[in-house]
Amino acid sequence: MITHPSATELEEALAAFQAGSPDDPRANFLVRVADNARATLEREAVLAPAAREAATNRLQALLDQDGDFESLNAQLCAALRAGRLDPLDHALLAHLRASALDQIAIDQPGYSGAAALIDAGA
Amino acid sequence: MDIPAALSALARRLSPNATRALDARRLSGGASLETWTFDLDDGTALILRRRPPTGSMSQAALPLAAEAALLAAVDRRGAPVPEVVRICEPGDGLGEAYVMRRLTGETLGKRIVRDEAFAGVRPGLAARCGQVLATIHATPLDGLPPLATSDARGELARYEAVYRQSGAERPVFEAAFRWLADAAPAPVPAVLVHGDFRNGNLMVDPGKGLVGVLDWELSHLGDPAEDLGWLCVNSWRFGQWRRPVGGFGDYAALLDGYAASGGGEIALSRLLFWQALGSLKWGVMCLMMYASFASGADRSIERAMIGRRASETEADLVLLMERAA
């Protein structure tokens, strides 16, 4: 599951959001942020299931274990933190690259770092 | 507090021929610091920076009097900064505040990297940033207000603690913390570091280029390469990722401009270390700002959504780790 914030939290923030005066630059900025949040939720609904399944498959191969995404991802974090896995390991970086591209496609598809990453992998 | 009235009362002390302040209005900005723009009736264009009585002071931020003292110190060295006109006293009725001259130019990074109006100055901007950073870093430390000192390992530890507190489980950040801890360069003697030297805090004129370095509240003593690396973080290239220096220039131009102005030779690898640490710091800051939504302190949509910018730094960090592997 995507967290910090989760889709549920974004929905809560959107439900509580009230547009302010159109003359107020700050209020206009927040309207754009809210539009962006709705678009993010739409992309997440479409893209997240397949991204999660692919990430789970990659993690199972990388860690040579069965398990769901949350437990395997937590294991990967613990292994990195404890120094049991080289942070520049090629198989690890391949997983991190795929995960980063899938996540940016949901959060910020126009972000230039995705183009840079794809260019470097070509 | 009636800010326009207080500024009018102060007018004579800000400029000998002035009698009152005109057109005082608050610019949108942070909650902890207010920025006001105003003119005097003799035509002087000014900016007021003040901390409202309720304004919280984040741990890292400088007192405004210290910020003004820093501006004056680097101004004397020839760095392009607004001239400080007055550090306010209690009798001025403005609280913790100072007044500086208002520079004119563009600070919106997107325009600086894209607009045709800046096409003429963009090619020289990276070298000019190097020159200005060399000037700032050469500021004698004697006589500066008290400043915190930080280094690479200290910053890594500080941000890792914030990340742990967030409860997030993000393998890119875990890998980056370990990679950067191993790659941290040997400490060098600390210099005056701006601390937020990036496209967005640089005022650029379409004819004159870089005319002002703004937002000094994160200044501290540290590794000079910190400022050069921060300028190259992809989050402030505004889409122009092929131009690593602020979205407008190349590494060599920045480093050569820095060395040519007496800043010394900085290896690209050292700059890239600080660039990566900069991306990691920005990613953790996004999580930190989201935390104020999660805790209930600020339930705004803005605070919720900022957490979804952490992934931009993950994409940038993966690229930097692939290059290092």
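Let me start where the two chains meet. Between chain B and chain A there are 14 residue pairs in polar contact, both residues at pLDDT 80 or more. Keep in mind that this is a predicted model.

Who does the touching on the chain B side? Five helices of chain B each supply at least two residues: α5 (152-166), α6 (171-183), α9 (268-294), α10 (301-306) and α11 (310-324). The largest share comes from α11(B), with ten residues. By type, the side of chain B that touches chain A divides into 19 nonpolar, seven polar and 14 charged residues.

Now the whole contact. Chain B puts in 40 residues, and chain A puts in 48 residues. Together the two chains bury about 3800 Å². Of that area, 66% is on carbon and sulfur atoms. Which residues of chain B lose the most area to chain A? They are B:Ile301, B:Met305 and B:Arg308. Together they make up 21% of what the chain B side buries.

Charge next. Five salt bridges run between chain B and chain A. One pair to look at is A:Glu12 with B:Arg299, a salt bridge whose closest N and O atoms are 3.0 Å apart.

Step back to the whole structure. Over all chains, the search finds 30 salt bridges. Inside chain B, B:Asp39 forms one with B:Arg102, and here the closest N and O atoms are 2.8 Å apart. B:Asp39 sits in strand β2 (residues 34-40) of chain B, while B:Arg102 sits in the loop between β5 and α3 (109-114), so this pair ties together parts that are 63 residues apart in sequence.

Chain B has an open sheet of five strands, in the order β1-β2-β3-β5-β4, with antiparallel pairing. Which strands of chain B stand at the edges? β1 (21-27) and β4 (84-87) do. Each has a single partner strand, so one side of each is left without a neighbour in the sheet. On average, neighbouring strands are turned by 20° against each other, direction ignored.

A word on how strands hold on to each other. They pair through backbone hydrogen bonds, either parallel or antiparallel. Take β3 (residues 45-51) and β5 (residues 96-101) of chain B: they pair in the antiparallel sense over six bridges. To find your place, go to B:Arg50, whose bridge partner in β5(B) is B:Ala97.

Last, the helix on the sheet. Helix α2 (residues 64-77) of chain B packs there, touching β3, β4 and β5 of chain B. The direction of α2 makes about 25° with that of β5(B).

Definitions and conventions: Residues numbered from 1 in each chain as written. Chains lettered and ligands numbered in written order. Predicted model: local features only at pLDDT ≥ 70, side-chain atom pairs only at ≥ 80, totals over all residues. Heavy atoms only, no water. Pairing = 2+ DSSP bridges. Helix = DSSP H or I, 4+ residues; strand = E, 2+ residues; numbered from the N terminus. Axes fitted to C-alpha atoms, helices over the stretch in contact; angles between N-to-C directions. Contact = heavy atoms within 4.5 Å. Buried area = accessible area lost by both parts, 1.4 Å probe. Salt bridge = Lys/Arg side-chain N within 4 Å of Asp/Glu carboxyl O. Polar contact = N/O pair within 3.5 Å; in protein donor to acceptor, adjacent residues only side chain to side chain. Nonpolar A, V, L, I, M, F, W, Y, C, P; charged D, E, K, R; others polar.
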